[in-house]
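Please keep the sequence and the model in view while reading.

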Amino acid sequence: MALQSAEIELGTTVKLLQSLQDFVSELRGNFDAIEMRAKQKAKYKDAEKRIRKPKTQFGDESNGLVFHQHDKFRIEVFLPILDKLSQALTLRTQAYDVVHKRFGLITEFLSMGADEIEKAAHNLQQCYPNDLELVFHKSSYTFHVLSNV
C-alpha cells in the first residue's frame, strides 16, 4: 500500500508513518553498512590522503580535533539529514494521529466494537461541542447496533 495513495485509511497512514520513523531511527546506527553498500554500487576506491591539520594562530585554544573523511561525512552530512528527516516524520505522524483520533470513528466504524465506538464518538463530540450534541456517542452506538442487524 502506497503512503501517498488517495484511498489510504487514516489508521494505516499513522501505522506506516510510525514504521518509517522506526526505520529512519535504525539507520543512524548503520552508517558503516550503508557506506559499504554505497561504495560497492559506485565502485569507489578509498584513496588514502594525508590528513591536513588546520593552521593555528598563537593563543588559539581549539582542541585540534581532525576527523577522517568517513567520520566527517557521518557527523556533518549523514546524521543531520537523518535528524531532520526524523523530526519531519515525527511532526507529520503527530498531525495524522490527531486527525485519526478525531475522525477514526467515521473511517473505521464498521470494524469497531461497541465500546470503541462510544469512546471515539465521545472524543469527537468533545472536540466539536458546538456542532455535536452531548448524546452523540449514544446515537453512534445505536446506529452501530442497527447497522449490524
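Is Q21 buried or exposed? In this predicted model, Q21 is buried, with a relative accessible area of 17%.

Q21 lies in helix α1. Apart from neighbours within four places in sequence, the residues in contact with Q21 are S86, L89, T90 and T93. Contact means heavy atoms within 4.5 Å.

## Basis of the model

Residues are numbered from 1 along each chain as its sequence is written, and side-chain values use heavy atoms, with hydrogens and water left out. The model is predicted, and local features need pLDDT of at least 70, side-chain atom pairs count only at pLDDT 80 or more, and totals for chains, interfaces and linings use all residues.

## Overall architecture

The protein chain contains 5 helices and 0 strands, and from the N terminus its elements follow the order α-α-α-α-α. Helices (H or I, at least four residues) and strands (E, at least two) are DSSP runs, numbered from the N terminus.

Of the 149 residues in the protein chain, 19% are buried. Among contacts with a separation of 6 or more, 55% are between residues 24 or more positions apart.

Helix α3 covers residues 69-107.

At K101, α3 bends by about 50°. The bend at a residue is the angle between axes fitted to the seven residues ending there and the seven starting there. K101 itself is exposed, with a relative accessible area of 53%. R102 is also found in helix α3 and is partly exposed, at a relative accessible area of 32%. Not counting residues up to four places away in sequence, R102 touches N123, L124, C127 and Y128. The C-alpha atoms of R102 and L124 are 5.3 Å apart, while the two residues are 22 residues apart in sequence.

## Where α2 meets α3

The axes of α2 and α3 come within 12 Å and cross at roughly 105°. Axes are lines fitted to C-alpha atoms, for helices over the stretch in contact, and angles run from 0 to 180 degrees between N-to-C directions. The two helices are therefore roughly perpendicular to each other; angles under 35 degrees count as roughly parallel, over 145 as roughly antiparallel, 65 to 115 as roughly perpendicular and the rest as oblique.

On the α2 side, the contact is made by F31, D32, I34 and E35, and on the α3 side by H70, F73, R74 and F78. These residues divide into 4 nonpolar, 1 polar and 3 charged. In this classification, Ala, Val, Leu, Ile, Met, Phe, Trp, Tyr, Cys and Pro count as nonpolar, Asp, Glu, Lys and Arg as charged, and the others, Gly among them, as polar.

## Salt bridges

Side chains of opposite charge can pair when their charged atoms come close. A salt bridge is a side-chain nitrogen of Lys or Arg within 4 Å of a carboxyl oxygen of Asp or Glu, and by this rule the count is 3. One of them joins D83 and R28 at 2.4 Å, N to O. This pair links distant parts of the chain, 55 residues apart: D83 is in helix α3, and R28 is in the loop between α1 (10-27) and α2 (31-42). D83 is partly exposed, with a relative accessible area of 39%, and R28 is partly exposed, with 38%.

K39 and E35 form a salt bridge at 3.7 Å, N to O. These residues are separated by about one helical turn, because they are 4 residues apart in helix α2. K39 is partly exposed, at 23% relative accessible area. In helix α3, D97 and K101 are likewise 4 residues apart, and therefore about one helical turn separates them. Their side chains meet in a salt bridge at 3.3 Å, N to O. D97 counts as partly exposed, at 23% relative accessibility.

Definitions and conventions: Buried means under 20% relative accessible area, exposed over 50%, partly exposed in between (1.4 Å probe, protein chains only).
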